[in-house]
Amino acid sequence: MLKSFGQKLTQLLMSFLNWIDYRFTGSGSGMSDEEAINDPYEHYRRIRANGKLLRTHRNRGWMALGFDETQALLLDNRFSADLRKNAFLSKMIRLAADGRAVTFLDNPTMLNLDPPDHTRLRKLANHGFVHKSILALEPRIRELVNEYLDAVPKNSSFDLIEGLAKPLPVRVIAELLGLPEQDIPRFQGLSAEFLGLTAIGNNELMDIGAAAAEELGQYFDGVIAAKRQNPGTDLISQLLEVEQEGVRISTAELNSTCTVLLIAGHETTTHLIGNGIHLLLTHPEQMQKLQANSALIPNAVEEMLRFEPPVQFTVRSALEETEFFGKKIRQDQLVMAVIASANRDPDRYSDPDTFDVEREDVGHVAFGYGIHLCLGMSLARLESRLAFEVLFDRFPDMKLAEQNIEFVPVPLNRGRKRLLIDV
Ligand code: HEM
């Protein structure tokens, strides 16, 4: 298919800037995009050897690679999460999107807003995610895990991603939001495609992402209109009720809140479960420890998040000229908070490249830090813990059925496309 001039230009520019970064700033690893997708930790290890806060021309900004630098960046209100405030990045996204609407710019979710808008939207959504009400979902989630695993024939091979890790989180978030079960296949596909919007430089994925964002927006417009007429007890109806009580939230903001809950709420958890089981199956001594003592599972989940974070980085841009870890960051420059690197910082962790379910220094930035700290972390922890508990219980002898693992092709995320296991 012929690509537009703008898209071709973006791709060419990216390759050139990659080369500049490798040769001159130390923020390139010399690995190809494909190699970096397969082993991002080696990619970042090589870059981190050149410094923990490095200039990068690829995003006309900087990369924070150390644990302290990443945490400090995410806490610092001189840096914004609002992509519209970065002229270069918004221009690149616009070029790559080729005229299509882009959610992050046209109707940003709380993830890409600063206070006071962020505070207002976050406060509203917080109601649905208080730790206690999430823990109350335990029996239902356990029931769902069992239901998915009931469908797996004894002595067979099954794909853990398609059979459990994908359907479980989407079903849970759909139930929380009050979305009809029959719509799940539609928005599951759309939200996977939506992430293509983050693959700047990959025109095909960007095209697909922009189209999915448009369709998802239309879908939620329909859902919100229906719930206004006929409210239920779900989270969307609760948000509508709060709106009626006088808290200012526009329909567009409601729409973007639904989008972020749907997207942030299931792809990431899918990867946590898939990455976690793959890690255990390739580290049998660690698996044995968990099977011998299920009380270790919560710590193992934290170690999985540290070792293989499903969200590999996030970005902020400088609102003003800023001194940061001895470097001068100019106004409008972008800084990547590289979670995948921070979580393996040798100055923070002993043996950072060792996967150890009993690790004591397990605190990580896989859920971010500061005001945007993941809203759904209690839910993600609960779903994954229950998935592991039920899997160990039902399939104590599970084994990897194939060694060749393909990773999702989006650098922002880390996850296995498929995970065949013998049970
Ligand atoms: C393993 C699973 C998950 C991971 C690794 C993860 C990771 C993250 C990260 C890194 C951030 C911060 C991004 C930034 O600062 O730019 C974040 C924010 C967020 N996450 Fe999660 N997340 C997960 C699961 C969930 C779930 C289950 C939900 C909801 C149902 C959710 C909803 C959100 C929302 C709404 C935000 C934005 C919060 C804000 O801007 O204040 N996440 N997540």
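In helix 9, the residues Ile 141, Leu 144, Val 145 and Tyr 148 are buried, where buried means that 20 or more other C-beta atoms lie within 10 Å of the residue's own, exposed means 12 or fewer, partly exposed means in between, and C-beta atoms are placed from the backbone. These four cover an arc of only 100° around the axis, which puts them on the same side of helix 9; the arc is that of the directions from the helix axis to the C-beta atoms. This is a predicted model, in which local features need pLDDT of at least 70, side-chain atom pairs count only at pLDDT 80 or more, and totals for chains, interfaces and linings use all residues. Residues are numbered from 1 along each chain as its sequence is written. Helices (H or I, at least four residues) and strands (E, at least two) are DSSP runs, numbered from the N terminus.

**Helix 9**

- The other side of helix 9 carries Pro 139, Glu 143 and Asp 150, which are exposed.
- The buried residues of helix 9 pack against helix 10 (160-165), helix 11 (167-177) and helix 19; two residues are in contact if their C-beta atoms, placed from the backbone, lie within 7 Å.
- Helix 9 (residues 138-150) has 13 residues and should span 18 Å at 1.5 Å a residue, which agrees with its end C-alpha atoms being 18 Å apart. The expected span of a helix is 1.5 Å times one less than its number of residues.

**The shell around the ligand**

- Around the ligand there are 25 residues, of which Gly 265, Gly 368, His 372, Cys 374 and Gly 376 come nearest. A residue is near a molecule or strand if its C-beta atom, placed from the backbone, lies within 6 Å of it.
- Helix 15 (251-282) and helix 19 (377-394) are the elements that give two or more residues to this shell.
- Helix 15 provides the largest share of the shell, seven residues.
- By type, the shell residues are 17 nonpolar, seven polar and one charged. Here Ala, Val, Leu, Ile, Met, Phe, Trp, Tyr, Cys and Pro count as nonpolar, Asp, Glu, Lys and Arg as charged, and the others, Gly among them, as polar.

- Strand 1 (residues 53-56) and strand 2 (residues 61-64) run antiparallel and are joined by four bridges; two strands pair if DSSP finds at least two bridges between them.
- Arg 55 has Trp 62 in strand 2 as its bridge partner.
- The two strands form a hairpin with four residues between them, and Arg 60 in the turn has a positive phi of about 50°.
- Strand 2 is also joined to strand 8 by four bridges, and these two run parallel. The bridge partner of Gly 61 in strand 8 is Leu 334.
- Strand 5 (residues 314-318) runs antiparallel to strand 8, again with four bridges. Val 315 stands opposite Met 336 in strand 8.
- Strand 8 (residues 334-337) is covered on both faces: Leu 334 and Met 336 on one side, and Val 335 and Ala 337 on the other, are all buried.

- Three strands form an open sheet in the order 4-10-9, with antiparallel pairing.
- Strand 4 (157-159) and strand 9 (399-400) stand at the edges, each with a single partner strand, so one side of each is left without a neighbour in the sheet.
- Two bridges pair strand 9 with strand 10 (residues 420-422) in the antiparallel sense. Leu 400 has Ile 421 in strand 10 as its bridge partner.

- Most residues other than glycine have a negative phi, and most peptide bonds are trans.
- Pro 115 and Pro 116 are joined by a cis peptide bond, with omega about 5°. Pro 116 is in the loop between helix 6 (103-106) and helix 7 (117-126).
- Phe 325, a residue other than glycine, has a positive phi near 45°. Phe 325 is placed in the loop between strand 6 (322-324) and strand 7 (327-329). Phe 325 is partly exposed because 15 other C-beta atoms lie within 10 Å.
- Asp 351 is not a glycine, yet has a positive phi of about 45°. The loop that holds Asp 351 lies between helix 18 (339-342) and helix 19. With 10 other C-beta atoms within 10 Å, Asp 351 is exposed.
- Glu 181 is in the loop between helix 11 and helix 12 (184-194). Glu 181 is exposed because 9 other C-beta atoms lie within 10 Å. The C-alpha atoms of Glu 181 and Arg 171 are separated by 7.6 Å, with the two residues 10 residues apart along the chain.
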